[in-house]
Amino acid sequence: MARRLICVVAGCEELAEPGGNRCSAHAEAHARKVAESKARVRRSDEAVKWHKLYSDPRWGRLRRAYLASHPLCADCAELGLVVAATEVDHIERHMGDLRKFLDWNNLQGLCKRCHSRKTAKEVFHGAK
């Protein structure tokens with residue numbers, strides 16, 4: 001027989017559901033939170049179409065060439081830091097426009113941290 005544990009939620013002393021780590025009440029609440037979170041970040045149908053542009057061989061060549069000629073993170077460089085660029089970012093969102101997507105002058109090299117921060121601002125906060 002499997003051991004049952006106490007619910008992991010602070011202050012709860014109920015037994016966790018078999019095979020889980022939360023009691024039934026907290027397991028339901030957690031499942032709702034996870035579902036709501038996934039619904040918030042689900043891509044729109046248009047964004048799914050735009051995302052396919054990243055598998056275009058022209059993007060792969062452009063990305064490699066851009067990183068070769070711009071090896072440092074643009075945002076970190078503004079702060080006087082020397083950090084390798086690992087991502088190629090579109091300065092102005094392309095929104096599926098192939099010309100903007102492949103425009104060399106609309107690109108910048110960023111490190112993973114800076115690119116994630118910029119993307120989060122755009123996606124979650126509507127920043128431009």
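Residues are numbered from 1 along each chain as its sequence is written, and side-chain values use heavy atoms, with hydrogens and water left out. Because the model is predicted, local features need pLDDT of at least 70 and side-chain atom pairs count only at pLDDT 80 or more, while totals for chains, interfaces and linings use all residues.

**The two strands**

Helices (H or I, at least four residues) and strands (E, at least two) are DSSP runs, numbered from the N terminus. Strand S1 covers residues 87–90, and strand S2 covers residues 107–110. S1 and S2 pair in the antiparallel sense over 4 bridges; two strands pair if DSSP finds at least two bridges between them. His90 stands opposite Leu107 in S2.

Buried means under 20% relative accessible area, exposed over 50%, and partly exposed in between (1.4 Å probe, protein chains only). Strand S2 is covered on both faces, with Leu107 and Gly109 buried on one side and Gln108 and Leu110 buried on the other.

Asp89 lies in S1 and is buried, with a relative accessible area of 5%. Contact here means heavy atoms within 4.5 Å. Once neighbours within four places in sequence are set aside, Asp89 is in contact with Asn106, Leu107, Gln108, Leu110, His115 and Lys118. With the side chain of Lys118, the side chain of Asp89 makes a polar contact at 2.7 Å. A polar contact is a pair of N or O atoms within 3.5 Å; within protein, one must be able to donate a hydrogen and the other to accept it, and residues adjacent in sequence count only if both atoms are side-chain atoms.

**Salt bridges**

Side chains of opposite charge can pair when their charged atoms come close. A salt bridge is a side-chain nitrogen of Lys or Arg within 4 Å of a carboxyl oxygen of Asp or Glu. The structure holds 7 salt bridges, including those in the table.

| Glu87 | Lys112 | 4.0 Å |

Glu87 forms a salt bridge with Lys112. That pair links distant parts of the chain, since Glu87 is in S1 and Lys112 in helix H6 (residues 112–125), 25 residues apart.

Glu122 counts as buried at 11% relative accessibility, whereas Arg93 counts as partly exposed at 37%.

**The loop residue Met95**

Met95 lies in the loop between S1 and H5. Its phi is near 50 degrees, a positive value in a residue other than glycine. Met95 is partly exposed, with a relative accessible area of 46%.

**Helix H3**

Helix H3 has 13 residues (57–69), which should span 18 Å at 1.5 Å a residue; its end C-alpha atoms are 19 Å apart, which agrees. The expected span is 1.5 Å times one less than the number of residues. At the start of H3, a side-chain oxygen of Asp56 reaches to within 2.7 Å of the backbone nitrogen of Arg58. Buried residues in H3 are Trp59, Gly60, Leu62, Tyr66 and Leu67, and what covers the buried residues of H3 includes S1, H5 and S2.
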